[in-house]
Amino acid sequence: MYRELRLGMNSVWQEEVTLDQELKWWTLGELQVEWALELGGSVELVQELGGTVEQILELEGTVEQVLELGAAVEQGLELRGAVVQYLYFFIVISLYVFIIAANVLLIVVICMSRSLHEPMYMFLCSLFVNELYGSTGLFPFLLVQIISDVHTVSAPLCFLQIFCVYTYASIQFCNLAVMSYDRYLAICCPLQYSTRMTSNNVAILIALSWLYPFVAMLLLISLSSPLQLCGNIIHKVYCDNYSIVKLACSDTTVNNIYGLLYTCILALLVFLILNSYVKILKVCFSGSRQMRQKALSTCTPHLASLCTD
């Protein structure tokens, strides 16, 4: 198995630099062979020079001057690529800092305010903690890849990122499903809400929404890590399990079955979320205007988190 994997970091700044180089080669193809002969050079030399060769000839330049001009153009392209590269680095790190600051602030507000110590806000707090976990599992690795010239990652680190990103997504779906169930009980079964959503039940639901994804991803990694790989290039800016399985030379039937089963479970969670809100909407539209307003106000935090995710 490969010890290192290469990521397909064909980033935007690299594409822009490549485009500039291609444009330069297109222009050079139109130069006349006589220019090279007048400089004592070869046809290959002319094909490698820019459209300013004619200007150099008018100034009675030499082959050395033309080569220096080509080197300057290359340096300019590299400088432009570096500027775009660090621009993307600044944007990504700013987004990461904003996510960390916003979620930490929300967690502190919920923990410090006793009026927010209710099941709905406890589930939201779990959601915010997961945002911290997921962003920390993705952004630092992505920042390193942006500023690196060689986009390689060791196999253990690649599987670690797969574990973090996949558990983050699974926990997110589980949290949203639990929150939709909480709102369903609060609006459709208000008399049973206090008996079903006790502190112990809230703690159990939050624990299960975190425990299941961790166990599921440990099993996924245990199936993928022993695979014998025929290649080491991943055409993405981050590691994902599907790309690893595609590179495998050995039999991946068990991996495919497990991946299909895992996808079906996520689809079931999405169905439960949608089904809960369909029932909530039915109750709202069958009730009074005051009841609709109350239901909307209680669902607003969950709907906001659902839309942002």
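I started with the fold: the protein chain has twelve helices and three strands. Both are DSSP runs numbered from the N terminus, helices being H or I with at least four residues and strands E with at least two.

I noted the ground rules next. This is a predicted model, where local features need pLDDT of at least 70, side-chain atom pairs count only at pLDDT 80 or more, and totals for chains, interfaces and linings use all residues. Residues are numbered from 1 along each chain as its sequence is written, and side-chain values use heavy atoms, with hydrogens and water left out.

**Whole chain.** I looked up burial. Of the 309 residues in the protein chain, 38% are buried (under 20% relative accessible area; exposed is over 50%, partly exposed in between; 1.4 Å probe, protein chains only). I then checked contacts (heavy atoms within 4.5 Å). Among those with a separation of 6 or more, 71% come from residues 24 or more positions apart. The chain exposes about 17900 Å², and carbon and sulfur atoms supply 66% of that area. Areas come from the Shrake-Rupley method with a 1.4 Å probe.

**Cores.** I searched for nonpolar cores (buried Ala, Val, Leu, Ile, Met, Phe, Trp, Tyr and Cys residues joined through side-chain atoms within 4.5 Å). The largest has 46 residues, and C158, I162 and I244 have the most contacts inside it. Helices 5, 6, 7, 9, 10 and 11 each give two or more residues to this core. Helix 7 gives the most, with eleven residues. Another core, of seven residues, lies apart; I99, F139, L143 and I146 are among them.

**Aromatic pairs.** I found five aromatic pairs in the structure. Rings of Phe, Tyr and Trp (its six-membered ring) pair if their centres lie within 6.5 Å; planes under 30 degrees apart count as stacked, over 60 as edge-to-face and the rest as tilted.

I opened Y96 and F139. This pair is stacked, at 5.6 Å centre to centre with 25° between the planes. Y96 sits in helix 5 (residues 63-112) and F139 in helix 6 (residues 119-147), so the pair ties together parts 43 residues apart in sequence. Y96 counts as buried because its relative accessibility is 17%. F139 is buried too, at 12%.

I opened W210 and F214 next. They are also stacked, at 6.3 Å centre to centre with 15° between the planes. Both lie in helix 9 (residues 199-224), four residues apart, about one turn of the helix. W210 is buried at 18% relative accessible area, whereas F214 is partly exposed at 26%.
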